[in-house]
Amino acid sequence: MDSQHYNSQELMVVNAARLLKDHDVVFVGVGIPNLACNLAMRTHAPHLQMIYEAGVIGAQPARLPLSIGDPSLVTGATAVCSMYDIFSLYLQRGNVDVGFLGGAQIDQFGNINATVIGDYDHPKVRLPGSGGAMEIAAWANRCYIITPHQKRRFPARVDFHTSIGFLTGGDARASTGVRGGGPQAVVTDLGVLKPDQHGELVLAAMHPGVTYDVVAEHTGWPLKKAPDCQVTEPPTAEELRILRDELDPQRIYI
Amino acid sequence: MTKLVSLPDAIRTHLHDGDLLYASGFTHLIPFAAAHEIIRQGITGLTLARATPDLIYDQMVAAGCARKLIFSYMGNPGVGSLRRLRAAIESGELAWEEYSHFGMISRLRAGASGLPFMPMKPTGAEDLASKNPQYRQVSDPYTGERVVVVPPLTPDVAIIHVQRADVQGNAQVWGILGEQQLAAFASQRVILTVEEIVDEAVIRSDPNRTVIPGMVVDAVCHVPYCAHPSYTQGYYDRDNDFYLAWDEISKTQESVQAYLDEWVYGLPDRQAYWEKLGPEVHERLQAGERLSQPVNYGEY
């Protein structure tokens, strides 16, 4: 694989990394979000601070963490605290800039279902549940969602609100009083969706070679195109080198 | 007074059929050896509480120990699904009560602090609260704003693995602290499993590192490698290969039964389990060395 070619995972990691700003405090998950944060740190955001729900602050993992509580997150970190403290002092208090979220379903208004497909009491498919997602989605200043773009993952309405985006749109989120700004972008393997002024996810950018029709076909609601819809810059040779040679040489996530 | 007892004796004395058990540790320090002993003793009807049920509760549910699960994230961390738990819930065999992580830990916090409830800011996600009546809302008496509350969780028994403790149960932990301290203070009875039993003087040389005081501990069990396939920071690494292997093993109840026969019922204790894992695994899980800088407490 050379730098002119890249796969869906690499495309998502690179585009997610570009959303992060230097000095952001990021509540990180394992897998793609972790790669995105580490890539941002090695490129445009060297002062990024990674914190993990397990209670680790300022992690600098020497190897690719394979779980949210990997011991390599602790060795060399700036602080470790209890789980209660990470959710209260850091997240609830408003000390987290960015949260990453994922889930089985993401709807038109950025609400996420990671709990159940079908009826809650008699589940057709039982999913893992909230973990930290309910609070991250509410209290982080900005949230980013990373997911492959498939129609079943993008229904018009989720079966269950594990965590909220903009609820039914308009001022529905603001009226709940939650402090965070909600989902600011959904990065997929086809492009990037962003909320419009009503909180509805619209197509803000397409990856090179992708057409609007393809994205619309893979989305479960009539997808609007933003007036200033862009084409994303392809991953650079340097971004791909860092990802492949330094961050995930065994190609576990990419 | 020493509280040192064998793990089988501690389980026999303190854990009974039908109890509410919190086997603690967030990814780190999960007391698998204690779970295996509970399975061997045939204890049933337990309510199993943990933020992340992890493989430890997948195994206990598959072995028939439990009637109910209280949790906040039911996944095989970094791998995927917890298949036995998922099957038991989807088939209606296992009752469950569900929270977010913060809701779950707040319940422990209330229990550990002797409070009637813990308040949290609303999250706007109300579907879970509509399914779990333990989530309630009250009005903030100072501002009138809505506050979400959860009641105390007070397990009958907590099992907590730590790096080192003295024989009275003064326990020191480093690395991910999870909910270790809250689980100890919230529970009626506390069983400590310990990598290393150390002299009281070692504990007193670094009192800031003591997370659980002996006063809340009922039994101290010396169980090296207790946390495998999870890990103990600075002692041995997480066995990610086993977490992946479990994804295969747990696909059917039959293959889980074969695993339990070989690795739980077929072995007397953790020492035999560790030996059976063999030198290749021991080698692979070595933690290496990265020491902290000592601090000066002063001579006063």
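Chain A contains seven helices and 14 strands, where helices (H or I, at least four residues) and strands (E, at least two) are DSSP runs numbered from the N terminus. The model is a predicted one, in which local features need pLDDT of at least 70, side-chain atom pairs count only at pLDDT 80 or more, and totals for chains, interfaces and linings use all residues. Residues are numbered from 1 along each chain as its sequence is written, while chains are lettered from A and ligands numbered from 1 in the order in which they are written.

Of the 254 residues of chain A, 54% count as buried. Here a residue is buried if 20 or more other C-beta atoms lie within 10 Å of its own, exposed if 12 or fewer, and partly exposed in between, with C-beta atoms placed from the backbone. Contacts, for their part, are pairs of residues whose C-beta atoms, placed from the backbone, lie within 7 Å. Among contacts in chain A between residues at least 6 apart in sequence, 64% join residues at least 24 apart.

Helix α1 (residues 8–17) of chain A is mostly covered, with eight of its ten residues buried. These buried residues are E10(A), L11(A), M12(A), V13(A), V14(A), N15(A), A16(A) and A17(A). They pack against α2 (32–42), β10 (142–146), β11 (183–187), β12 (191–195) and α7 (237–247) of chain A. Further along chain A, the loop between β10 and β11 holds L167(A). Although L167(A) is not a glycine, it has a positive phi of about 55 degrees. L167(A) counts as buried because it has 22 C-beta neighbours inside 10 Å.

T27(B), in the loop between β1 (20–23) and α2 (32–41) of chain B, is not a glycine either, yet has a positive phi of about 65 degrees. With 25 C-beta neighbours inside 10 Å, T27(B) counts as buried. A cis peptide bond, with omega about 10 degrees, joins H228(B) and P229(B). P229(B) lies in the loop between β14 (219–222) and α9 (240–249) of chain B.

Chain B is divided into domain 1 (7–103 + 153–283) and domain 2 (117–150), with bounds that come from an automatic or database domain assignment. The centres of the two domains of chain B, taken over C-alpha atoms, are separated by 31 Å. Four residues of domain 1 of chain B are in contact with six residues of domain 2 of chain B. On the domain 1 side, β6 (95–98) and α5 of chain B are the elements that give two or more residues.

Several strands of chain B are paired, meaning that DSSP finds at least two bridges between them. An open sheet of three strands has the order β7-β9-β8 (chain B), with antiparallel pairing. β7 (118–120) and β8 (136–139) of chain B stand at the edges, each with a single partner strand, so one side of each is left without a neighbour in the sheet. Three bridges link β7(B) to β9 (residues 146–150) of chain B in the antiparallel sense, and M118(B) stands opposite V150(B) in β9(B). α5(B) packs on this sheet, touching β7 and β9 of chain B, and its direction makes about 150 degrees with that of β7(B); axes are lines fitted to C-alpha atoms, for helices over the stretch in contact, and angles run from 0 to 180 degrees between N-to-C directions.

Parallel pairing also occurs in chain B. Eight bridges connect β10 (residues 157–165) and β12 (residues 189–197) of chain B in the parallel sense, with E196(B) in β12(B) as the bridge partner of R164(B). β12(B) also runs parallel to β14(B), joined by four bridges, and I191(B) stands opposite A219(B) in β14(B).

Finally, the two chains meet in a contact that takes 40 residues from chain B and 41 residues from chain A. On the chain B side, α4 (83–90), α5 (101–113), α6 (127–131) and α7 (180–186) each supply at least two residues, and α5(B) gives the most, with four residues.
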